[in-house]
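Please open the model in a viewer and keep the selection panel at hand.

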Amino acid sequence: MNVVDHVRDMAAAGLYSNVRIMSSLLLTMSTNNPELFSPAQKYQLLVYQADAIFHDKEYRNAASKYNSALQQKKVLSKTSKVRPSTGGTTSSVQAQSLPSEIEVKYKIAECYVNLKLDKDAIAVLDGIPSRQRTPKINMMLANLYKKAGQERSAVTSYKEVLRQCPLALDAIIGLLSLSVKGAEVASMTMDVIQSIPNLDWLSTWIKAYAFIHAGDNHRAISTICSLEKKTLLRDNVDLLVSLADVYFRAGDTKNAILKFEQAQMLDPYLIKGMDVYGYLMAREGHLEDVEVLGGRLFNITDQHAEPWVISGCHSFYSKRYSRALYLGAKAIQLNSNSVQALLLKGAALRNMGRVQEAIIHFREAMRHAPCRLDCYEGLIDCYLASNGVREAMGMANNIYKTLGANAQTLTILATVCLADPLTQDKAKGLLDKALAQRPDYIKAVVKKAELLSREQKYEEGITLLRNTLANQSDCVLHRMLGDFLFAVNEYQESIDQYSIALSLDPNDQKSLEGMQKMEKEESPMDATVELDGDDMEGSGEDGDLEGSDSEAAQWADQEQWFGMQ
């Protein structure tokens with residue numbers, strides 16, 4: 001056993017720091033005395049050294065060392081006879097223990113992926129002949145092709161993964177996300193389903209994800225529920241997270257939160273889907289719970305996008321948009337495919353008045369999740385904010401035609417119609433259709449109430465809001481009911497509604513304004529005194545705003561550091 005064999009054994013034992021030091025010393029010796037080690041031994045030492053550097057996450061350095069190893073392998077292949085080494089090991093024994101050249105190329109591709117050099121990673125993997133590609137090589141290629149928009153190549157690679165590993169469920173999801181029919185995908189797993197007991201659920205599982213990626217949320221929910229109720233799959237965390245996500249996509253916030261909570265109770269270390277859960281909690285005004293959730297996830301890991309997104313949502317709904325922007329960008333740095341991170345950064349940019357930059361992020365989110373309506377809603381909001389009503393209308397019509405006339409698409413189209421006085425009548429008809437389908441759909445209720453407010457139909461608005469609030473509680477609905485009650489001089493009940501709204505979301509500025517308006521209406525003399533006090537407080541708030549500007553400048557510096565501008 002020679003010294004290179006000892007290095008190999010240390011590498012196999014995971015003693016990377018030891019391998020790194022020893023291989024460096026031995027390679028320096030080899031440089032000073034080329035006769036000391038054979039080409040095969042030099043190749044081994046370079047690979048072991050690169051593996052140790054890769055383990056330390058120095059990916060650029062590791063890629064360089066792996067490439068040096070491949071160059072050495074070329075020298076080795078040209079050498080018909082291996083020179084004797086100091087340890088006297090024969091070439092045949094060395095040849096048996098040589099690291100795989102294919103594995104080295106895969107490692108180089110991994111380095112490039114970590115360095116965000118996807119084109120270089122594809123080039124390396126494309127250089128491996130098809131017959132020599134292992135399932136993990138095909139899986140990496142498929143994901144890279146998909147990200148690059150090369151859908152046909154991605155489909156081919158995913159299918160090759162399934163041919164070799166028919167239970168590769170992530171490859172199945174990849175195919176379904178690329179619009180491959182569920183029946184075709186299921187046919188590729190049929191033999192293994194029939195040959196292995198207790199796998200009869202897999203065809204239903206494939207059907208559920210086919211519905212998800214086709215945007216058919218209601219059938220997806222029904223199918224996943226039927227799976228989740230099966231005894232053998234009851235309380236499966238992955239299924240619960242998928243179910244929660246589909247409820248969220250369908251606009252059913254209450255059930256989405258319920259299922260996320262159930263999944264989290266089953267697995268306190270759960271990361272997947274927690275960014276959406278945190279966003280929903282923040283949107284509902286539960287900022288203290290969001291802060292706790294973010295802290296808990298940071299204790300689990302800070303190398304995933306989810307905890308950064310959750311903290312970003314907390315900042316966003318606390319109206320600290322510069323900080324939300326920074327946190328969203330950090331999340332994207334960790335996972336460029338994170339839809340929730342892209343939406344967070346887009347929303348922060350939009351609220352900071354950087355609408356064109358926001359549009360870029362919403363479009364990227366839409367590319368990754370073409371069936372998620374919140375991506376389109378963000379883009380439409382940007383168009384409307386920049387007076388691009390025509391672009392917004394084109395987008396809304398496209399969603400309506402693509403995904404059909406459901407409560408969500410009808411409400412999106414109505415929202416755009418409300419932006420143009422000439423199409424307000426059309427908006428009314430669309431909202432009525434949406435509410436006929438789903439009377440509890442809050443976004444449709446809010447838009448219908450806005451329309452009734454414009455038309456000064458306050459009694460009708462009060463009835464609509466009371467009926468909706470009879471079955472659920474929502475800050476915006478309570479606040480709007482307070483506004484309507486104020487308009488018909490029902491001051492005491494108006495105050496009650498504003499109070500309920502503030503109990504649900506203490507940071508809701510419009511509810512605070514409504515409460516102040518009511519206090520002024522009830523006691524004009526006291527209001528004058530309070531106004532002076534408010535003015536004094538306002539001066540203090542201006543001081544806070546100056547602090548916010550300096551904070552914004554601080555975060556802006558960090559944005560430049562992270563390459564966000």
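Across the whole structure, a search returns zero disulfides, a disulfide being a pair of cysteine sulfur atoms within 2.5 Å. This is a predicted model, in which local features need pLDDT of at least 70 and side-chain atom pairs count only at pLDDT 80 or more, while totals for chains, interfaces and linings use all residues. Residues are numbered from 1 along each chain as its sequence is written, and side-chain values use heavy atoms, with hydrogens and water left out.

Select Cys225 and then Cys382. Cys225 is buried at 17% relative accessibility, and Cys382 is buried at 0% (buried means under 20% relative accessible area, exposed over 50%, partly exposed in between; 1.4 Å probe, protein chains only).

His361 is buried, with 14% relative accessible area. Beyond its neighbours within four places in sequence, His361 contacts Ile332, Leu342, Lys345, Gly346 and Leu349 (heavy atoms within 4.5 Å).

Now display the aromatic rings. There are 10 aromatic pairs, counted for rings of Phe, Tyr and Trp (its six-membered ring) with centres within 6.5 Å; planes under 30 degrees apart are stacked, over 60 edge-to-face and the rest tilted. Phe486 and Tyr491 form a tilted pair, because their planes meet at 45°, with centres 5.7 Å apart. Phe486 is buried at 19%, whereas Tyr491 is partly exposed at 23%. Finally, select Phe248, Tyr279, Phe316, Tyr317 and Tyr321, which ring pairs link into a cluster.
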